[in-house]
Amino acid sequence: MRLRDKVALITGAGSGIGQTTAELFAREGASVIVNDIDEAKGKETVRRIADAGGIALYIHADVTDSASVWAMVDEALKTYARIDILFNNAGISGVGAIHEIEPEAWDRVIAVNLRGVFLPSKHVLPHMMERRSGTVINMSSCIAEIGLARRASYSATKGAVLALTKSMQVDYAKYNIRVNAVLPGTIMTPFVEQYLQASYEDPEAAIAAIKTRQLSGNLGRPGDVASAVLFLASDESSFMMGSPLYVDGGVVFG
Ligand code: NAD
């Protein structure tokens, strides 16, 4: 087991990549704190982990709200006494070119996808600094490196998360804390289904077009990203610091 006796906090773990990663971490021996803003979805992840014989606890929090995040971290530390791994995964989609986006919609995407990385990090890092140990994985996207139509707010956040990851690594290396980013391509999750439905009259044709942009010819699955996050969370990646890890079926280089 690659995460035996580790404690991992995963934000947005009620669905998609976060849920699959939570289940994988639990199978690898971690105690998993499952965060989500949607209680029913978060508890479903915990149930799936418990049914498979793993250990998990749901803690409700909105990653955009400092008091809420602080209460989550406090409860996690009271329960498990430490947090070894933080996976800042929670995120929402944002569709539109700049002239099409209302300021409120822009602010919400920035809040969840960027402030939602800042706040859990802000509240967990002092604990990791004290223990001089920890690993943080930030959810970016291959969109940080390529231009895609009508994704202005979303790509702004994912580019910022990549830059933030490098900055965090410089600040916390001296505390023996590693900070890396994962950059998925198109992974079939509820998030992508919702984006396709909102953006295209013919979602099936859109999927076909996405596939032609990827060297793999296929869309990814949540498990493809989860195994990369497991690698970043484990000691196997101990020489990776501030790195972007692409899991995109070759879209960046195609
Ligand atoms: P998803 O919608 O299946 O899961 C996201 C989860 O985050 C949901 O359960 C949602 O309730 C939760 N969440 C939303 N706002 C929250 C908040 N304020 N506080 C706490 N939880 C909140 O999406 P997914 O596809 O699994 O995406 C997960 C992450 O991966 C996101 O950051 C997304 O931007 C990123 N990503 C996804 C893809 C993809 O193709 N699916 C590609 C690149 C990056």
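A crossing is called left-handed if the near helix is turned anticlockwise from the far one by less than a right angle, and right-handed if clockwise. Keep that in mind for the first view. As a predicted model, this structure is described with local features only at pLDDT of at least 70 and side-chain atom pairs only at pLDDT 80 or more, while totals for chains, interfaces and linings use all residues. Residue numbers start from 1 along each chain as its sequence is written.

**View 1. Helix 1 and helix 2 cross in a right-handed manner.** Helices here are DSSP runs of H or I with at least four residues, strands are runs of E with at least two, and both are numbered from the N terminus. Helix 1 packs on helix 2 (residues 39–51) at an angle of about 30°, and their axes are 10 Å apart. Axes are lines fitted to C-alpha atoms over the stretch in contact, with angles from 0 to 180 degrees between N-to-C directions. The pair is therefore roughly parallel, a term for angles under 35 degrees. Q19, A22, E23 and A26 of helix 1 meet T45, R48 and I49 of helix 2; contact requires C-beta atoms, placed from the backbone, within 7 Å. These contact residues divide into 3 nonpolar, 2 polar and 2 charged. Nonpolar covers Ala, Val, Leu, Ile, Met, Phe, Trp, Tyr, Cys and Pro; charged covers Asp, Glu, Lys and Arg; the others, Gly among them, are polar.

**View 2. The ligand has a shell of 30 residues.** G12, G16, G91, T189 and F191 are the closest. Two or more shell residues come from each of helix 1 (16–27), strand 2 (31–36), helix 4 (103–131) and helix 6 (190–199). By class, the shell holds 12 nonpolar, 14 polar and 4 charged residues.

**View 3. L164 sits in helix 5 (residues 152–172).** L164 counts as buried because 20 other C-beta atoms lie within 10 Å; the cut-offs are 20 or more for buried, 12 or fewer for exposed, and partly exposed in between, with C-beta atoms placed from the backbone. Leaving out residues up to four places away in sequence, L164 touches V117 and N138.

**View 4. D5 and its positive phi.** Most residues other than glycine have a negative phi. D5, in the segment before strand 1 (7–10), has phi near 65°. D5 is exposed, as 10 other C-beta atoms lie within 10 Å.

Definitions and conventions
Near = placed C-beta within 6 Å. Contact = placed C-beta atoms within 7 Å. Parallel < 35°, antiparallel > 145°, perpendicular 65-115°, else oblique.
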